[in-house]
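This report goes through a few features of one structure. Please look over the sequence and the 3D view before reading on.

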Amino acid sequence: MENLGIAFTGSGSEVPVTSIDNNALAELVETSDEWITTRTGIKQRKLASKSETLTSLGAAAGRQALSAAGINASDLDLILLATSTPDDLFGTACRIQAELGATNAVAFDLTAACSGFVFGLVTAAQYIRTGVYQNVLLIGADILSRWVDWQDRNTCVLFGDGAGAVVMQANSHDRLLGFELKSDGTQNHYLNLAYTGEENELVKEATISQGNFAPITMNGKEVYRFAVQRVPEVVDKALFHANLSVDKLDWLILHQANQRILDAVAQRLNIPSYKVISNLSHYGNTSAASIPLALDEAVRSGKIKPGDSIAASGFGAGLTWGAAIFQWGR
Ligand code: ACO
């Protein structure tokens, strides 16, 4: 029988060395540990130095995931990098491929902001289910500190940097039970890291635009409202596709944006707090890295065990949101 099912066989993660707490941020903008803690649950975040690149963080997370899965880089058929903050706008997955020595793998980037890991998981699954690829390394990594306005207290207190990875392999048992993905570009303006250019008349016939990316802008209240409403819906839909009732879930791993969002979503889904994985107090919102980072920590600490049923849900810029229901292990 062909192996057209999917197994989740290894995880890894890497974060920058430097950590700054809320009190340090209060030296930068008018804020306080009390405000940040009560509104978000975040206590500290990791920030990448110049030498800690998306390539180095992503490759380190990937190496750990390969080792946990017990396969070599040369066994990989595909490396998918979910990120919004590449080292190179042409893509960073190939640099990671080179760093890992994954000579047989095709590698490319996928951008869906904080939903990137879940969108990447579903994308990787399509290649495995069609029998095209057997061994996939999925990495979620972001260095949002590069693009945060560090004078804007509305956003700078929220984000941190990091990388997480999982190995997905063809398997006789299918451990991906269900998923649902959504996008709504009409609400794109609520959360942006947008290109801004100045006009530059090259010749009479052609005026082009050249510039840079503006720092992150966000309508926090609208994003909050969107997350609390849409995430329970999409988890419900994914559970329906998985033919699983919510009480059969062992763990809920939401994109680690804000503890209040985690609590509100869990409450709406009727999932008790002991099943909700949360590590955002240490890392803040690490965008595409947040779910695999939380997953890897929970696997390594022995919290998540082989066979456990997990609902993972990402949400963010685009706007994009999605959920995947899967069982950990082979
Ligand atoms: N320190 C102190 N005061 C602040 C800070 C800060 N860091 N930031 C904002 N404020 C002030 C504002 O200026 C405003 O003051 P004003 O009333 O005088 O105008 C006031 O605090 C706003 O307070 P609240 O209305 O109580 O703020 P709220 O409860 O909406 O919390 C927050 C703000 C935390 C941003 C919330 O809206 C939120 O979590 N939204 C979701 C954001 C999110 O998760 N984004 C990322 C998800 S998608 C992605 O991952 C990219």
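## Ligand contacts

A polar contact is a pair of N or O atoms within 3.5 Å. The model discussed here is predicted.

Arg153 has a polar side-chain atom 3.0 Å from an oxygen atom of the ligand. For Asn285, a polar side-chain atom lies 2.7 Å from an oxygen atom of the ligand. Thr31 places a polar side-chain atom 2.6 Å from a ligand nitrogen atom. On its own the ligand has 1000 Å² of accessible area, and the protein covers 74% of that.

There are 23 residues around the ligand, and those that come nearest are Thr31, Cys114, Lys221, Asn258 and Asn285.

## Helix H5

Helix H5 takes in residues 116-129. Its 14 residues should span 20 Å at 1.5 Å a residue, and the end C-alpha atoms are 20 Å apart, so the two values agree.

Is H5 enclosed or open to the outside? Because 10 of its 14 residues are buried, H5 is largely enclosed by the rest of the structure. The buried residues are Gly116, Phe117, Val118, Phe119, Gly120, Leu121, Val122, Ala124, Ala125 and Ile128. After H5 comes Gly131, with a positive phi near 80°.

Ile208 belongs to strand S11, which covers residues 206-213. The relative accessibility of Ile208 is 32%, so Ile208 counts as partly exposed; that class lies between the cut-offs of under 20% for buried and over 50% for exposed.

How values were computed. Residues are numbered from 1 along each chain as its sequence is written. This is a predicted model: local features need pLDDT of at least 70, side-chain atom pairs count only at pLDDT 80 or more; totals for chains, interfaces and linings use all residues. Side-chain values use heavy atoms; hydrogens and water are left out. Helices (H or I, at least four residues) and strands (E, at least two) are DSSP runs, numbered from the N terminus. Buried means under 20% relative accessible area, exposed over 50%, partly exposed in between (1.4 Å probe, protein chains only). A residue is near a molecule or strand if one of its heavy atoms lies within 4 Å of it. A polar contact is a pair of N or O atoms within 3.5 Å; within protein, one must be able to donate a hydrogen and the other to accept it, and residues adjacent in sequence count only if both atoms are side-chain atoms. Accessible areas come from the Shrake-Rupley method with a 1.4 Å probe; for residues, only the protein chains shown count as cover. The expected span of a helix is 1.5 Å times one less than its number of residues.
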